[in-house]
Amino acid sequence: MEISRCEAVVLGVMDYREADRIVTLFTLEHGKIRGVARGAKRSIRRFGGVLEPFARLAVQLALTGGLARIDGADAATIHPRIREDLLKIGYAGYACEAADLLLPEGLPNPRLFRLLAAYLDHLDTAPAEPSDRRFFEVNLLNVLGYRPDLDACASCGADLAAAPGCHAGPSGGLLCGRCGRGGRTVSARTIGLLRAALRTGRFGVLLFTPDQLSEAGSILDPPLAGHAGRPFKSLDFLREMGG
């Protein structure tokens, strides 16, 4: 049994038995881990009430090969301002659900950990913006190797910069005007914003118009849904909140 002290973001929490909790953690050192926190609903000394979604913690784990044992947790931040705003809760919940659904268990991914942590930190200090959600999504897909090509036609390989028009394919890939006739038109500005999101590395810098958000969704939503394997529950809440 390996004892490890890790930096972690809480992706999800489920009550278990009378006093325990099953917690899904995205750890910097070990990737996604599911663990049981015995007595978490009662023990203030060991857990201090910090085992809550999108909190960033220092956790002590016993890695057992199955469910890990969570022996203690201290908060780096619980992102208090997110918890005061329902729209921010929606965006934070979506980001954590996306990481949970798309990440395999037990594989460290420091780049994705930093992306998720940066998004939650940004949400805690800045207004909730749908542009930042698209920024997170394109970088999430990029880090995981699932991002559609933004430079070449997914069908014929033509250079999209030289194409007279671009369209979103049914699986989210971009098609040149010849291959994508009848598909959703995507403006050069939207493609440029997505490319810039991969270079910028900072939330809050890029702003999409409502039309550009929708066009970006026609590129990013299909691969997200396809690799998640089930609908995102958090998206229903976001739609209700107008996000």
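1. H79 lies in the loop between β5 (68-77) and α2 (86-102), where helices (H or I, at least four residues) and strands (E, at least two) are DSSP runs numbered from the N terminus. Although H79 is not a glycine, its phi is positive, at about 50°, and H79 is buried, with a relative accessible area of 1%. Here buried means under 20% relative accessible area, exposed over 50%, and partly exposed in between, with a 1.4 Å probe and protein chains only. For background, most residues other than glycine have a negative phi.

2. Please keep in mind that this is a predicted model, in which local features need pLDDT of at least 70 and side-chain atom pairs count only at pLDDT 80 or more, whereas totals for chains, interfaces and linings use all residues. Residues are numbered from 1 along each chain as its sequence is written, and side-chain values use heavy atoms, with hydrogens and water left out.

3. R17 also has a positive phi, of about 55°, without being a glycine, and it is found in the loop between β1 (2-16) and β2 (20-27). R17 is exposed, with a relative accessible area of 61%.

4. Strand β2 deserves a careful look, since eight of its eight residues are buried. In a regular strand the side chains alternate between the two faces of the sheet. In β2 both faces are covered, with D20, I22, T24 and F26 buried on one side and R21, V23, L25 and T27 buried on the other.

5. On its way to the next strand, β2 is joined to β3 by a hairpin through three residues, and these two strands pair in the antiparallel sense over seven bridges. Within this pairing, T24 has R34 as its bridge partner, while I22 stands opposite V36. Six of the seven residues of β3 (residues 31-37) are buried, so this strand is largely enclosed by the rest of the structure. Strand β3 also pairs with β5, in the parallel sense and over two bridges, and there G35 stands opposite A68.

6. V59, in strand β4 (residues 56-63), is buried, with a relative accessible area of 0%. Leaving aside neighbours within four places in sequence, V59 is in contact (heavy atoms within 4.5 Å) with S4, R5, C6, A8, L25, G72 and A73.

7. Taken as a whole, the chain has seven helices and eight strands. Its radius of gyration, taken over C-alpha atoms, is 20 Å, close to the 18 Å that the globule rule (2.2 Å times the number of residues to the power 0.38) gives for 243 residues, so the chain is as compact as a globular protein of that length. Along its principal axes the C-alpha trace spans about 65 × 35 × 30 Å. Of the 243 residues, 52% count as buried, and residues 24 or more positions apart account for 62% of the contacts with a separation of 6 or more.

Technical notes
Two strands pair if DSSP finds at least two bridges between them.
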